[in-house]
Amino acid sequence: MLRTGAGAVTAADGAGASADGMVSGVALDLYCGVGTMTLGLAPHFTQVWGVEVVSPSIAAAQANAAANGMSNTLFVVADVATELPRLLTQLKREALPLKAIIADPSRAGLGAAVKALATVKGPCQLSLVFCALTALKRDLPPLLKAGWQLNKVQGFDMFPHSQHVETLVCLSKS
């Protein structure tokens with residue numbers, strides 16, 4: 001089910017970069033939850049599409065976008081692994097340039113979504129947040145094999161006084 005913010009930007013609107021430096025293109029926020037990162041990306045891209053399987057989270061993301069005056073956000077209630085290939089096909093069909101992807105999956109990691117991410121053509125930036133190193137160890141090699149270049153890996157202690165560490169992996173594809 002596709003849910004859009006008010007005044008969603010169309011493909012024709014994304015033809016050129018704006019004077020304020022906004023990137024002309026689409027960013028994807030996979031596993032977007034309530035849209036926290038979607039809203040952070042929205043001022044910098046023509047469109048930002050968020051995907052989340054939890055319906056109440058998408059409702060909250062829409063409310064957050066509306067409350068913050070973000071009209072260039074689109075939200076999809078779906079499983080990322082099944083929806084991502086469809087979104088990539090839609091982007092190609094509508095000639096919308098995919099410029100950035102951010103994904104913050106559960107401890108299980110990207111799983112089947114890795115296959116779709118491997119097919120992305122550049123130039124594109126990919127930022128992955130892993131909360132389990134076993135998922136990172138499994139998900140990263142197929143992306144590197146598919147031509148993604150590793151730019152940075154950074155650990156973050158988001159949960160002090162616990163053993164959990166989040167790992168941000170930044171990749172790019174030319």
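# Briefing on a predicted single-chain model

Among contacts in the chain (heavy atoms within 4.5 Å) between residues at least 6 apart in sequence, 68% join residues at least 24 apart. The structure is a predicted model, in which local features need pLDDT of at least 70, side-chain atom pairs count only at pLDDT 80 or more, and totals for chains, interfaces and linings use all residues. Residues are numbered from 1 along each chain as its sequence is written, and side-chain values use heavy atoms, with hydrogens and water left out.

**Overall organisation**

- The chain has five helices and eight strands; helices (H or I, at least four residues) and strands (E, at least two) are DSSP runs, numbered from the N terminus.
- Along the sequence these elements follow the pattern β-β-α-β-α-β-α-β-α-β-α-β-β.
- Of the chain's 174 residues, 45% count as buried; buried means under 20% relative accessible area, exposed over 50%, and partly exposed in between, with a 1.4 Å probe and protein chains only.
- The accessible surface of the chain is about 8,800 Å², and 61% of that surface belongs to carbon and sulfur atoms. Accessible areas come from the Shrake-Rupley method with a 1.4 Å probe, and for residues only the protein chains shown count as cover.

**Nonpolar core**

- In soluble globular proteins, nonpolar side chains tend to be buried together.
- A nonpolar core is a set of buried Ala, Val, Leu, Ile, Met, Phe, Trp, Tyr and Cys residues joined through side-chain atoms within 4.5 Å. The largest such core here has 35 residues, and those with the most contacts inside it are L28, L30, L84, I101, L110 and L128.
- Helix α3 (residues 80-93) supplies the largest share of this core, with five residues.
- Apart from neighbours within four places in sequence, L28 is in contact with W49, L84, L88, L98, A100, I101 and I102.

**Strand β8 and its partners**

- Strand β8 (residues 166-173) is largely enclosed by the rest of the structure, because seven of its eight residues are buried.
- Two strands pair if DSSP finds at least two bridges between them. Strand β6 (residues 124-130) is joined to β8 by seven bridges, and the two run antiparallel; within this pairing, Q125 stands opposite S172 in β8.
- Strands β7 and β8 also pair in the antiparallel sense, over seven bridges, and the bridge partner of F156 in β8 is E166.

**Salt bridges**

- Side chains of opposite charge can pair when their charged atoms come close.
- A salt bridge is a side-chain nitrogen of Lys or Arg within 4 Å of a carboxyl oxygen of Asp or Glu; by this rule the count is two.
- R86 is partly exposed at 37% relative accessibility, whereas E83 is buried, with a relative accessible area of 11%.
- The other salt bridge links R138 and D139, with the closest N and O atoms 2.8 Å apart. R138 is partly exposed, with a relative accessible area of 43%, while D139 is buried at 2%.
- D139 is placed in helix α5 (residues 133-145). Not counting residues up to four places away in sequence, D139 touches G109, L110, G111, V114 and F130.

**Loop residue G33**

- G33 lies in the loop between β2 (23-30) and α1 (36-41) and counts as buried, at 18% relative accessibility.
- Leaving aside neighbours within four places in sequence, the contacts of G33 are E52, S57, I58 and A61.
- G33 and G50 are 17 residues apart along the chain, and their C-alpha atoms are separated by 8.3 Å.

**Surface patch and chain end**

- A nonpolar patch on the surface is formed by L144, L150 and V153, with about 230 Å² of accessible area together. Patches are made of residues with over 30% relative accessible area and no salt bridge, where like charges are joined within 9 Å and nonpolar side chains (Val, Leu, Ile, Met, Phe, Trp, Tyr) within 5 Å.
- L150 is found in strand β7 (residues 149-156) and is partly exposed, at 43% relative accessibility.
- S174 is in the segment after β8 and is exposed, with a relative accessible area of 85%.
- Beyond neighbours within four places in sequence, S174 is in contact with G122 and P123. The C-alpha atoms of S174 and K121, 53 residues apart along the chain, are 7.7 Å from each other.
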